[in-house]
Amino acid sequence: MTAARALGLPAFQTFLDITLPIALRVAITGTTTTAITQFRSSSFMIVVGYQELTYVANRIVSDTFKVFETFGIACLMYLLVCSILSALSRTFERRLAIPGLGVVK
């Protein structure tokens with residue numbers, strides 16, 4: 001920031017070109033963790049999604065007696081959504097990475 005000010009860049013341009021990209025790189029990991037945690041424990045998922053998913057799973061179990069298969073698929077559905085969020089986060093991290101600085105897998 002000091003170098004940008006020394007070059008005469010305005011404060012808003014300094015924010016857009018220097019501060020914001022650094023802040024985004026740092027914030028991605030925490031934001032992803034928070035998003036996955038909110039997905040798993042939000043009141044919406046607990047009230048609607050969890051009850052609906054387990055209700056449907058219980059109905060299927062009562063019809064077919066396939067407990068492990070049914071609840072295994074329900075678990076895979078949650079895993080799929082969390083994996084998609086993680087993959088999007090990794091893609092975003094790669095796009096914002098500075099070549100040669102740090103390791104992005």
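The model is a predicted one, in which local features need a pLDDT of at least 70 and side-chain atom pairs a pLDDT of 80 or more, while totals for chains, interfaces and linings take in all residues. Residues are numbered from 1 along each chain as its sequence is written, and side-chain values use heavy atoms, without hydrogens or water.

The secondary structure of the protein consists of four helices and zero strands, as assigned from DSSP runs (helices H or I of at least four residues, strands E of at least two, numbered from the N terminus). Followed along the sequence, the pattern reads α-α-α-α. The protein has 105 residues, and buried residues make up 17% of them.

The average pLDDT of the protein, the predictor's confidence in each residue from 0 to 100, is 78. A score of at least 70 is reached by 81% of the residues. Among the elements, helix H1 (residues 2–6) has the highest mean pLDDT, 85, and helix H3 (residues 43–64) has the lowest, 69. Where pLDDT is low, the predicted coordinates should not be read in detail.

The phi of Phe-65 is near 60°, a positive value in a residue other than glycine. Most residues other than glycine have a negative phi. Phe-65 counts as exposed because its relative accessibility is 70%.

Helix H4 itself has 30 residues. From its first C-alpha to its last, H4 reaches 44 Å, close to the 44 Å expected at 1.5 Å a residue, where the expected span is 1.5 Å times one less than the number of residues. The buried residues of H4 are Thr-70, Ala-74, Cys-82, Ser-89 and Leu-96.

Glu-69, which is in H4, is partly exposed because its relative accessible area is 47%. The C-alpha atoms of Glu-69 and Ala-57 are 9.7 Å apart, although the two residues are separated by twelve residues in sequence. Further along H4 is Tyr-78, which is partly exposed because its relative accessibility is 25%. Tyr-78 and Phe-39 lie 39 residues apart in sequence, and their C-alpha atoms are 9.1 Å apart.

Ala-87 is also in H4, and it counts as partly exposed because its relative accessible area is 31%. From Ala-87 to Thr-32 the separation is 55 residues in sequence and 9.9 Å between C-alpha atoms. Thr-32 has its place in helix H2 and is buried because its relative accessibility is 15%. The side chains of Thr-32 and Ser-89 are joined by a polar contact of 2.6 Å. In a polar contact, N or O atoms lie within 3.5 Å; within protein, one must be able to donate a hydrogen and the other to accept it, and sequence neighbours count only through two side-chain atoms.

Phe-92 is likewise in H4, and it is partly exposed because its relative accessibility is 40%. Phe-92 and Ile-28 are 64 residues apart in sequence, with 7.8 Å between their C-alpha atoms.

Helix H2 (residues 11–41) supplies the largest share of the nonpolar patch, five residues.

How values were computed:
Buried means under 20% relative accessible area, exposed over 50%, partly exposed in between (1.4 Å probe, protein chains only).
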